[in-house]
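Here are my notes for a colleague who has not seen this structure before. Please keep the sequence and the model open while reading.

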Amino acid sequence: MARIRASAAAAILVSMQLAREGQVNPARQQLALAITAVRTAATKYKDAGLDALLKQLDEVAKQLAQIAPQRVELVKPGKPSAMADRHAGDGPAERGERGMRRTEEQAAATLQGRP
């Protein structure tokens, strides 16, 4: 069971890092593989801890679903950016990032053997 939990925690960390790097689709694929593995193990072993882990993975998947791949904008000298008026920290992506940070901390604790 510890190996399954550690693998799921690692998948959470990897998917979050990929998403932060703008690789949202590979992050979703990484998480989908982890969900499938944990779901299979939960069915096989009927462990309540794995059911809780599956809920956590589903929550991370929901958070990743809110993240859209970022658009690259080329700005010509002397022209204002279309994104210049956007306020940082007030959108759903920023709220999702805060949730992802909490989940990331929990996953790191799992990998380190802390409860």
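1. Start just after helix 1. There, Gly22 takes a positive phi of about 90 degrees. Keep in mind that this is a predicted model.

2. Now the overall layout. The chain has four helices and zero strands. Read from the N terminus, the order of elements is α-α-α-α. The chain holds 115 residues, and buried residues make up 29% of them. Take the contacts with a separation of 6 or more: residues 24 or more positions apart account for 67% of these.

3. Next, the core. The largest nonpolar core has 25 residues. Ile12, Leu31, Val38, Leu57 and Leu64 have the most contacts inside it. Which elements give two or more residues to this core? They are helix 1 (2-20), helix 2 (24-45), helix 3 (48-65) and helix 4 (92-111).

4. Is Ala10 buried, exposed or partly exposed? Its relative accessible area is 27%, so Ala10 is partly exposed; the partly exposed range lies between under 20% for buried and over 50% for exposed. Glu104 lies 94 residues away in sequence, yet the two C-alpha atoms are 9.5 Å apart in space.

5. Helix 3 has 18 residues. From first C-alpha to last it reaches 26 Å, close to the 26 Å expected at 1.5 Å a residue. At its start, a side-chain oxygen of Asp47 comes to within 2.7 Å of the backbone nitrogen of Gly49. The buried residues of helix 3 are Leu50, Leu53, Leu54, Leu57, Val60, Gln63 and Leu64.

6. How do helix 1 and helix 3 lie relative to each other, roughly parallel or roughly antiparallel? Their axes come within 11 Å and cross at roughly 5 degrees. Angles under 35 degrees count as roughly parallel, so helix 1 and helix 3 are roughly parallel to each other.

7. The meeting of these two helices can be traced residue by residue. Helix 1 brings Ile4, Arg5, Ala8, Ile12, Ser15, Met16 and Ala19. Helix 3 brings Gly49, Leu50, Leu53, Gln56, Leu57, Val60, Gln63 and Leu64.

8. Setting aside residues up to four places away in sequence, Leu64 touches Ser15, Ala19, Val24, Ala27, Arg28, Leu31 and Met100.

9. Thr103 sits in helix 4. Its relative accessibility is 8%, so Thr103 counts as buried. Beyond its neighbours within four places in sequence, Thr103 is in contact with Ile12, Met16, Gln56, Val60 and Gln63.

10. Last, Gln29 in helix 2. Is Gln29 buried or exposed? At 54% relative accessibility, Gln29 counts as exposed. Its C-alpha atom is separated by 9.8 Å from that of Ala61, 32 residues apart along the chain.

Conventions
Residues numbered from 1 in each chain as written. Predicted model: local features only at pLDDT ≥ 70, side-chain atom pairs only at ≥ 80, totals over all residues. Heavy atoms only, no water. Core = buried A, V, L, I, M, F, W, Y, C linked by side-chain atoms within 4.5 Å. Buried < 20%, exposed > 50% of the residue type's maximum accessible area, 1.4 Å probe, protein only. Contact = heavy atoms within 4.5 Å. Expected span 1.5 Å × (residues − 1). Polar contact = N/O pair within 3.5 Å; in protein donor to acceptor, adjacent residues only side chain to side chain. Axes fitted to C-alpha atoms, helices over the stretch in contact; angles between N-to-C directions. Parallel < 35°, antiparallel > 145°, perpendicular 65-115°, else oblique.
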